[in-house]
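Here is a short report on one protein chain.

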Amino acid sequence: MGTSMDMAMENCQRSFEWERWNCPTSDFILRRTTISPELDREGAYVEAIATAALIYTTTKNCSSGITAGCGSSCPESPYTSQCSDNPKEAEQLLKKHRNIDFPNDFRGKIEAHNYKAITNLMEKSLTEQCVCAMMGPGGKCIKEICRHILKPFEEIANDIRQMYDEGILLENTIINSRVLWNNIPLDALVFTRDSPNYCELEAVPHWNGMVGRLCAIGSNDGDLSKEDKERCQYLCGECGYTPEEKNVLTETRCNCKLTWDFQLQCDSCIIAEKHYYCY
């Protein structure tokens, strides 16, 4: 459980590093532990990435034999002992141990759709991997053993970010409560209220707005790129702040080489950078 949540949070913060809502740890945990009567776009995303990470880690634990009682799709081959990844089987296993039933109210239908969207994405994220089980004349493979494996989670997280970007707002109205949920595309998350203005302090609990946010990192002897300037304008300027430059010294490994006993030996170098913060 902890491993899957760490994976979800790390990928959330990677995906939103340069957005106004940058998936801070405190807000991620709050959204996972507090049930709100309404669901904004970020709340739908957090639920989605957390669900995907849980199914992903359970799937991998099943196919590698770490978790007993699952991992039924195993090839009979001396070339690979690992079973195929089976996210559907993992989901069924999770349902036995967790309450994943959704209430039949509007919020419950929203959550049910988003959950279905993620389980559908996990099924679509399987790729085929084959190894040769028998070689024939001339080194030609005459028999292959294949299994299905999930894409790296970073790629799945990118797909969920796309589902966030294409999210659909459905307010709880009489007309929307009668919506035919099967007609809503599974490649989009659904939410029930607009996002708050993340420029503002306390847009969500313990939120500091853009004060002190890093908007760009530049070299000590060069100007900011056009992309960096646009990002600083988006994070700082449009929220009423000005990018302030600070000189920062960063220690990093450099001049690395492989020694005779195959150990990596590196020097320690100091790099001067200019960091730009919103103030």
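## Ground rules

Helices (H or I, at least four residues) and strands (E, at least two) are DSSP runs, numbered from the N terminus. The model is predicted: local features need pLDDT of at least 70, side-chain atom pairs count only at pLDDT 80 or more, and totals for chains, interfaces and linings use all residues. Residues are numbered from 1 along each chain as its sequence is written, and side-chain values use heavy atoms, with hydrogens and water left out.

## Overall form

The chain has 8 helices and 7 strands. Its radius of gyration, taken over C-alpha atoms, is 24 Å. A compact globule of 279 residues would have a value near 19 Å; that rule is 2.2 Å times the number of residues to the power 0.38. The C-alpha trace spans about 70 × 70 × 30 Å along its principal axes.

Of the 279 residues, 40% are buried. Buried means under 20% relative accessible area, exposed over 50%, and partly exposed in between (1.4 Å probe, protein chains only). P243 belongs to strand β6 (residues 243–258). With a relative accessibility of 36%, P243 is partly exposed. P243 and V190 are 53 residues apart in sequence, and their C-alpha atoms are 35 Å apart in space.

## Salt bridges

The structure holds 13 salt bridges. Each is a side-chain nitrogen of Lys or Arg within 4 Å of a carboxyl oxygen of Asp or Glu. One of them joins R161 and E19 at 3.4 Å, N to O. This pair links distant parts of the chain: R161 sits in helix α6, E19 in the loop between α1 and α2, and 142 residues separate them. R161 is buried, at 16% relative accessibility, whereas E19 is partly exposed, at 26%.

R107 and E47 also meet in a salt bridge, at 3.4 Å, N to O. R107 lies in helix α5 (residues 106–124) and E47 in helix α3 (residues 41–63), so the pair ties together parts 60 residues apart in sequence. Both R107 and E47 are buried. D228 and R231 form a salt bridge at 2.9 Å, N to O. They are separated by about one helical turn because they are 3 residues apart in helix α8 (residues 226–235). D228 and R231 are both buried. Salt bridges with shared partners join E19, R161 and D165 into one network.

## Surface patches

Patch residues have over 30% relative accessible area and no salt bridge; like charges are joined within 9 Å, nonpolar side chains (Val, Leu, Ile, Met, Phe, Trp, Tyr) within 5 Å. D6, E10, E154 and E155 form a negative patch. Helices α1 (2–15) and α6 (153–165) each give two or more residues to this patch. E155 is in helix α6 and is partly exposed, with a relative accessible area of 38%.

L201, V211 and Y279 make a nonpolar patch of about 280 Å². V211 lies in the loop between β4 (190–191) and β5 (214–219). V211 is partly exposed, at 39% relative accessible area.

## Positive phi

Most residues other than glycine have a negative phi. Which way does C23 go? Its phi is positive, about 55°, although C23 is not a glycine. C23 sits in the loop between α1 and α2 (25–33). At 0% relative accessibility, C23 is buried.

H206 also has a positive phi, near 65°. H206 is in the loop between β4 and β5. H206 counts as exposed, at 65% relative accessibility.

Notes
Accessible areas come from the Shrake-Rupley method with a 1.4 Å probe; for residues, only the protein chains shown count as cover. Lys and Arg count as positive and Asp and Glu as negative; His and the chain ends are not counted. The place of a charge is taken as NZ of Lys, CZ of Arg, CG of Asp or CD of Glu.
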